[in-house]
Amino acid sequence: MKKFLLLIAAVSVSFSAAADEGMWMLPYLQKMNIRNMKMRGCKLSAEDIYSVNKSSLKDAIVIFGGGCTGEIVSPEGLLFTNHHCGFGAIQALSSVEHDYLKNGFWAMSQAEELPAPGLSVRFIRKIMDVTPEIVGNVPSVAGQQEYREITGENIKALTEKLQGEYPGMEIDVKPFFEGNQYFAFVIERFTDVRLVGAPPQSIGKFGGDTDNWMWPRHTGDFSIFRVYAGPDNKPADYSPENKPYKAEKFLKVSLGGVEENDFAMIMGFPGSTQRYATSYEIDNMLRVSNPQRIFIRGERQAILWDDMLASDKVRIQYASKYAQSSNYWKNSIGMSRGIEKLNVKARKQAQEESFQRWAEGNSLPEEGYVDALPKICEACKAMEEPAAVLQYLSEAFLRGIELLAPAMTFARSSEIKNPEKTKKVMSDWYGDYNAPTDRKVAKRMLRIARENMKTLPSFYTEIVDKEFGGDTDAYADYVYDHSIFASEESLMALIDDFSSEKVAADPAVALGKSVLELYEKLAAECKGAEKKLAEGRRKYVAGLMIQQPDKAWAADANFTLRLTYGRVLPYDPADGIRYNHYTTLKGVMEKEDPKNPAEFTVPEKLKELYRLRDFGRYADKNGELPVAFLADCDITGGNSGSPVLNARGELIGLAFDGNWEAMSGDVAFEPELQRTIAVDVRYVLFIVDKFAGAGWLLDELQIK
């Protein structure tokens, strides 16, 4: 116990410093950040940003859906987020007759706002440092198994206690610094969320995959929703009787714009970083996991894209799936490029050599610091081959072949307890499924898996080779021709007359079971190495903090509420090239490309507004309409939709991307290159007002 509490003290001491790098925890802003923030121009107090006893800026920031950030911008629960964050909901509400992806959607009154089934937002009501409660009774010499058992019991007990203290709330206890620190979050979830407005894809996704992660950027990446509540202003299931959520705290909006070197800060929910990853883990990323992901997803996406271009129905069905897959695919390409170009692995190796010298000269063997890096190295070597196969099983089969999802769901069922509910769930699933497209994908995945996997699922030898002469295409055709799950009609018939024997005999079930059998076998083989890796990481990070007690340490992102701050800044991507810190509507017009209408189409009305220079109050000081800007804030996935705030805490933009030259940022922050790309709030309001004619929404905002 004593060692852990000493480590906590060491972490607290380090909070006296601050740096550009960092996704900072709000409860420690007063201790570690606010002085530096004020030196850079921030006009707010730490209490204005995060307060335990009164409403503060943090109460306007929400988790949007499953992996984005949103912000409340009016007392009537109006919410801004990115277009790509709302994309799934927009797609789900679209049809060939009502193509909101292509044409956009704008409610002209609250009565016209569209319920978005399955969408929720979560408010963080309280944040507590619970490190003593979770690790206080863990012996300093505890191995990883003992550590897991003790902390697991402590987390369970604390969660139950907090659930009693905060009825109706969700409790989430999360580890930080590889399990050396813990915070508990009290969360309130609202499930009645409605679509209010979305620009057409030609604005909200302008530039498509070509411009993704790139600067200069000209994308109007925003969408608008509203949170609804019951009569007591508490969460309630959807009902026409629900009223807009009455927000005690919401963001004011600034039309003042941005200038180079202006203070900027971002609050949101960064998803995942690996800043403490070692050279061994980076080596695997470069040689195995990123190349495999890039190849497998690229092959699948090419098939989806062709079918989407050929059919509006398929385009709508697969738009969200394609966008999600493509985003991480391109991220992996850029990350590998950045890691190699910026020599990240060598820098990590230098840090590790320094740490090992410190550990051998300044710690006892039983403390675990001397063995931390060797354990990581051993675990990475042991896991490399099985992990590569596991990735193929996941990417090519379990995620790649959609047919396996319903097949394996029903294979685990002995009966259908609620047929009508099951039919509704499956009808929604088939609404976004096209069997001919999935059949093409399955054929390609079966081929590339055979060509590249070192260990194959048993169906290859037991079925494909024996019954189909090794012809994977013929086997795929057989599965799709004979599986109950290949069509909605046959599945609905199964639900009406359910038979577990029919399910067990289905060829898609046989395929899925073979894949899962190998997956579970390899996952079990990796467990010992995973424990060794986790223990090595935990001790390595703890040792780093003790080795460098004056350094400002920030925990890796784990989709918890954080703050990052910096300046509005241009950057130099290469010798002789200077990128401005902003873009304007002029660049949209210059990028229009009739040869690439899927990515660079400009709506006629937007062209007309540009021709007339009808920018209204949204123009900058030069009379141009701003579209996007840059800041050197530290963000990652999950920050999409996060508010970019000025020195007074007013909304000036919505973060939506990072820049290509610093894609290694998830493993190594690059202060000279790393930039957040944000859509300027003036462009957002211009589109709402001048383009969409939905100015009634602006009446709700407090515009400065």
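# Note on the predicted model

1. Phe225 counts as buried, at 0% relative accessibility. The word buried denotes a relative accessible area under 20%, while exposed denotes over 50% and partly exposed lies in between, for a 1.4 Å probe and protein chains only. Phe64 is buried as well, with a relative accessible area of 2%.

2. Residues are numbered from 1 along each chain as its sequence is written, and side-chain values use heavy atoms, with hydrogens and water left out.

3. The structure holds 31 aromatic pairs. Rings of Phe, Tyr and Trp (its six-membered ring) pair if their centres lie within 6.5 Å; planes under 30 degrees apart count as stacked, over 60 as edge-to-face and the rest as tilted. Phe64 lies in strand β2 (residues 61-64) and Phe225 in strand β11 (residues 223-229), so this pair ties together parts that are 161 residues apart in sequence. Helices (H or I, at least four residues) and strands (E, at least two) are DSSP runs, numbered from the N terminus.

4. How are the rings of Phe123 and Phe190 set to each other? Their centres are 5.5 Å apart and their planes stand at 75°, so the pair is edge-to-face. Phe123 belongs to strand β7 (residues 121-129) and Phe190 to strand β9 (residues 181-190), and the pair links these distant parts of the chain, 67 residues apart. Both Phe123 and Phe190 are buried.

5. Two strands are said to pair if DSSP finds at least two bridges between them. β7 in turn pairs with β9 in the antiparallel sense, over eight bridges, and Lys126 stands opposite Val186 in β9.

6. β9 also has strand β8 (residues 170-176) as a partner, in the antiparallel sense and over seven bridges. Glu170 has Ile187 of β9 as its bridge partner. The hairpin of β8 and β9 has four residues between the strands, and in this hairpin Phe177 takes a positive phi near 50°.

7. Eight strands form an open sheet with antiparallel pairing, in the order β1-β14-β13-β19-β20-β21-β18-β17. Its edge strands, each pairing on one side only, are β1 (24-25) and β17 (582-584). β17 is joined by three bridges to strand β18 (residues 626-631), and they run antiparallel; the partner of Thr583 in β18 is Ala628.

8. Which helix falls short of its straight span? Helix α14 (residues 372-398) has 27 residues, yet its end C-alpha atoms are only 34 Å apart, against the 39 Å that a straight helix would reach at 1.5 Å a residue. The expected span is 1.5 Å times one less than the number of residues. A kink of about 50° lies at Glu384 in α14, shortly before the proline Pro386. The bend at a residue is the angle between axes fitted to the seven residues ending there and the seven starting there.

9. Further ring contacts deserve mention. Phe397, Phe459, Tyr460, Phe468, Tyr475 and Tyr478 are linked by ring pairs into a cluster. Two arginines meet tyrosine rings: the charged end of Arg194 sits over the ring of Tyr228, 3.6 Å from its centre, and that of Arg538 sits over the ring of Tyr147, 4.0 Å from its centre. A charge sits over a ring if NZ of Lys or CZ of Arg is within 6 Å of the ring centre and within 35 degrees of the ring normal.

10. One disulfide is found in a search of the whole structure. The term requires a pair of cysteine sulfur atoms within 2.5 Å. Cys68 is joined to Cys85, at 2.2 Å from S to S, and the link is left-handed, with -80° about the S-S bond. Cys68 in strand β3 (residues 68-72) and Cys85 in helix α5 (residues 83-92) are 17 residues apart. Cys68 counts as buried, at 11% relative accessibility, and Cys85 is buried with a relative accessible area of 13%.

11. Cys380 is buried, with a relative accessible area of 14%. Cys633 is in no disulfide, and the nearest cysteine sulfur, that of Cys42, is 12 Å away. Cys633 is buried, with a relative accessible area of 1%.

Methods
Predicted model: local features only at pLDDT ≥ 70, side-chain atom pairs only at ≥ 80, totals over all residues.
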